[in-house]
Amino acid sequence: MEVTYRRANGRDARALFAHEEASYPSDEAANLAGIVKRIDEAGDFFLVAEVDGEIAGFVNGTLTTSSELTHDTMSTHEPTGSLLCVHSVVVAPE
């Protein structure tokens, strides 16, 4: 078994969303548009783990300039921020 890590890309969005949806309650899971937005806007903070070439999990976040974690800070990526807001940590059940 070989585990590798890489940045997420747009081609991953549907598979990442399926893992997100399976891992979180519906009122907490990001929707597909949210996954795509995080890949596009905060791709440096969206890491995918693969096992033998298949997505096995991911972690993603955005930056904020705020010193506190709030709903607003979790909704917007501020590239000049210094606080990383981690949104999802997902591992495939298998």
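## Basis of the description

Contact, as the word is used in this report, means heavy atoms within 4.5 Å. The structure is a predicted model, in which local features need pLDDT of at least 70, side-chain atom pairs count only at pLDDT 80 or more, and totals for chains, interfaces and linings use all residues. Residues are numbered from 1 along each chain as its sequence is written, and side-chain values use heavy atoms, with hydrogens and water left out.

## Glutamate 20

Glutamate 20 belongs to helix α1; helices (H or I, at least four residues) and strands (E, at least two) are DSSP runs, numbered from the N terminus. With a relative accessible area of 2%, glutamate 20 is buried. Here buried means under 20% relative accessible area, exposed over 50%, and partly exposed in between, with a 1.4 Å probe and protein chains only.

Apart from neighbours within four places in sequence, glutamate 20 is in contact with Glu28, Ala29, Ala30, Ile35, Phe58, Ser88 and Val90. A polar atom of the glutamate 20 side chain lies 2.8 Å from the backbone nitrogen of alanine 30. Glycine 57 is 37 residues away from glutamate 20 in sequence, and their C-alpha atoms are 9.1 Å apart.

Four strands form an open sheet in the order β1-β2-β3-β4, with antiparallel pairing. Two strands pair if DSSP finds at least two bridges between them. The edge strands, β1 (3-7) and β4, each pair on one side only. On average, neighbouring strands of this sheet are turned by 20 degrees against each other, direction ignored.

β3 and β4 are joined in the antiparallel sense over 8 bridges. Asparagine 60 has serine 88, in β4, as its bridge partner. Helix α1 lies across β2, β3 and β4 and runs at about 85 degrees to β3. For such angles, axes are lines fitted to C-alpha atoms, for helices over the stretch in contact, and the values run from 0 to 180 degrees between N-to-C directions.

## The nonpolar core

The largest nonpolar core has 11 residues: Ala8, Ala13, Leu16, Ala30, Ile35, Ile39, Phe46, Val48, Ile55, Phe58 and Val90. The elements that contribute two or more residues to this core are α1 (13-23), α2 (32-42), β2 (46-51) and β3. A nonpolar core is a set of buried Ala, Val, Leu, Ile, Met, Phe, Trp, Tyr and Cys residues joined through side-chain atoms within 4.5 Å. Isoleucine 35 touches Ala13, Leu16, Phe17, Glu20, Ala30 and Phe46, residues up to four places away in sequence not being counted.

A search of the whole structure finds 1 aromatic pair. The rings of phenylalanine 46 and phenylalanine 58 have centres 5.5 Å apart and planes at 25 degrees, so the pair is stacked. The pair links distant parts of the chain, with phenylalanine 46 in strand β2 and phenylalanine 58 in strand β3, 12 residues apart. Rings of Phe, Tyr and Trp (its six-membered ring) pair if their centres lie within 6.5 Å; planes under 30 degrees apart count as stacked, over 60 as edge-to-face and the rest as tilted. Both phenylalanine 46 and phenylalanine 58 are buried.

## Two loop residues

Threonine 73 is found in the loop between β3 (54-64) and β4 (83-91), and at 7% relative accessibility threonine 73 counts as buried. Beyond its neighbours within four places in sequence, threonine 73 is in contact with Thr62, Thr64, Ser66, Glu68 and Cys85.

Aspartate 52 lies in the loop between β2 and β3. Its relative accessible area is 57%, so aspartate 52 is exposed. Although aspartate 52 is not a glycine, it has a positive phi of about 50 degrees.

Notes:
Polar contact = N/O pair within 3.5 Å; in protein donor to acceptor, adjacent residues only side chain to side chain.
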